[in-house]
Amino acid sequence: MSDSSPAAPVVLDLWCDLECPDCHRALDDVHALRARYGDRVEIRLRHFPLDKHKHAYAAAQAAEEATDQGKGWPYIEALLSRTADLGRTGEPVLLAVARELGLDAEEFDTALIDGRHLLIVDADQAEGKAIGVTGTPTYVIGDERLDGGKSQDGLRERIEEIVDGASWPHGTGSGQRRPPVAGRQDR
């Protein structure tokens, strides 16, 4: 008897600072991987706000609110396309992007004030530090950590090699404490 159930997707955790220009450039790799593998690769955004980016922590909380409102990835991508604006202007950019996507900006503002997403952001950051993440973007796939903060050259190719040759039990990224970005609403 053969098991005809579809294989679980390979999990790729992307440790990201939403104010980081390198993370914006990493979106090209994310799009290429999605186009090539579709549902075979589950890309999860993991928050790793860096101290040098003063609005990154609030941006991570805002991304979680966007996820709760059903537009996690669209918000993340829109925000990453405005990293320079975020660095200069801060919170008004977070709310403007929410409005542009038709999200409830008042609820965003409330979420940033009441801190309802602090635990998720803190947990991601702590887990990242525990596994050796020091900069962004950093990819974790299987047991391999790929640091894109130093150079992104060759990272997509290495990820493709790993996915194409994947033989480990799928779904064992760097952590299983919460659903993947693509699995929570549209996250």
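These are my notebook entries on a predicted model of one protein chain.

**Entry 1: ground rules**

I number residues from 1 along each chain as its sequence is written. Since the model is predicted, local features need pLDDT of at least 70 and side-chain atom pairs count only at pLDDT 80 or more, while totals for chains, interfaces and linings use all residues; side-chain values use heavy atoms, with hydrogens and water left out.

**Entry 2: confidence**

I looked up pLDDT, the predictor's confidence in each residue on a scale from 0 to 100. The protein chain averages 84, and 81% of the residues score at least 70. Confidence is highest in helix 2 (residues 56-68), at a mean of 97, and lowest in helix 8 (residues 155-164), at 78. Over residues 167-187 the pLDDT is below 50. That stretch still has 73 contacts in the model beyond near neighbours in sequence, where contact means heavy atoms within 4.5 Å. Where pLDDT is low, the predicted coordinates should not be read in detail.

**Entry 3: layout**

I took helices (H or I, at least four residues) and strands (E, at least two) as DSSP runs, numbered from the N terminus. I find 8 helices and 4 strands in the protein chain. Along the sequence they follow the pattern β-α-β-α-α-α-α-α-α-β-β-α. Of the contacts with a separation of 6 or more, 75% are between residues 24 or more positions apart.

For burial I used relative accessible area: buried is under 20%, exposed over 50%, and partly exposed in between (1.4 Å probe, protein chains only). By that cut-off, 49% of the 187 residues are buried. The accessible surface comes to about 8800 Å², by the Shrake-Rupley method with a 1.4 Å probe and, for residues, only the protein chains shown as cover. Carbon and sulfur atoms hold 49% of that surface.

**Entry 4: helix 5**

In helix 5 (residues 91-100) I noted Val93, Leu94, Leu95, Ala96, Val97 and Ala98 as buried. The buried residues of this helix pack against helix 2, helix 3 (72-80), helix 4 (83-89) and helix 6 (105-114). Just after helix 5, Gly102 takes a positive phi of about 75°.

**Entry 5: Asp17**

I found Asp17 in the loop between strand 1 (10-16) and helix 1 (21-37). Which side chain of opposite charge is nearest to Asp17? It is Lys52, 7.4 Å away, with Lys and Arg counted as positive, Asp and Glu as negative, and His and the chain ends not counted. Asp17 is buried yet has no salt bridge, a salt bridge being a side-chain nitrogen of Lys or Arg within 4 Å of a carboxyl oxygen of Asp or Glu. A polar atom of the Asp17 side chain does lie 2.7 Å from the backbone nitrogen of Glu19. Leaving out residues up to four places away in sequence, Asp17 touches several residues, among them Cys23, Phe48, His53 and Thr136.

**Entry 6: His117**

His117 sits in the loop between helix 6 and helix 7 (118-130). It counts as buried because its relative accessibility is 3%. I noted a polar contact of 2.8 Å between the side chains of His117 and Glu65; such a contact is a pair of N or O atoms within 3.5 Å, where within protein one must be able to donate a hydrogen and the other to accept it, and residues adjacent in sequence count only if both atoms are side-chain atoms. Beyond four places in sequence, His117 is in contact with Gln61, Glu64, Glu65, Asp68 and Ala111.

**Entry 7: salt bridges**

Side chains of opposite charge can pair when their charged atoms come close. I count 14 salt bridges. In one of them the side chains of Arg44 and Asp13 meet at 2.5 Å, N to O. Arg44 lies in strand 2 (residues 41-47) and Asp13 in strand 1, so the pair ties together parts that are 31 residues apart in sequence. Arg44 is buried at 3% relative accessibility, and Asp13 is buried at 0%.

Glu160 and Arg36 form a salt bridge of 3.0 Å, N to O. This pair links helix 8, with Glu160, to helix 1, with Arg36, 124 residues apart. Glu160 is buried at 15% relative accessible area, while Arg36 is partly exposed at 45%.

Arg36 also meets Asp164 in a salt bridge of 2.9 Å, N to O. Asp164 in helix 8 and Arg36 in helix 1 are 128 residues apart. Asp164 is partly exposed, with a relative accessible area of 45%.

Last, I noted a network in which salt bridges with shared partners join Asp13, Arg44, Arg46, Asp124 and Glu127.
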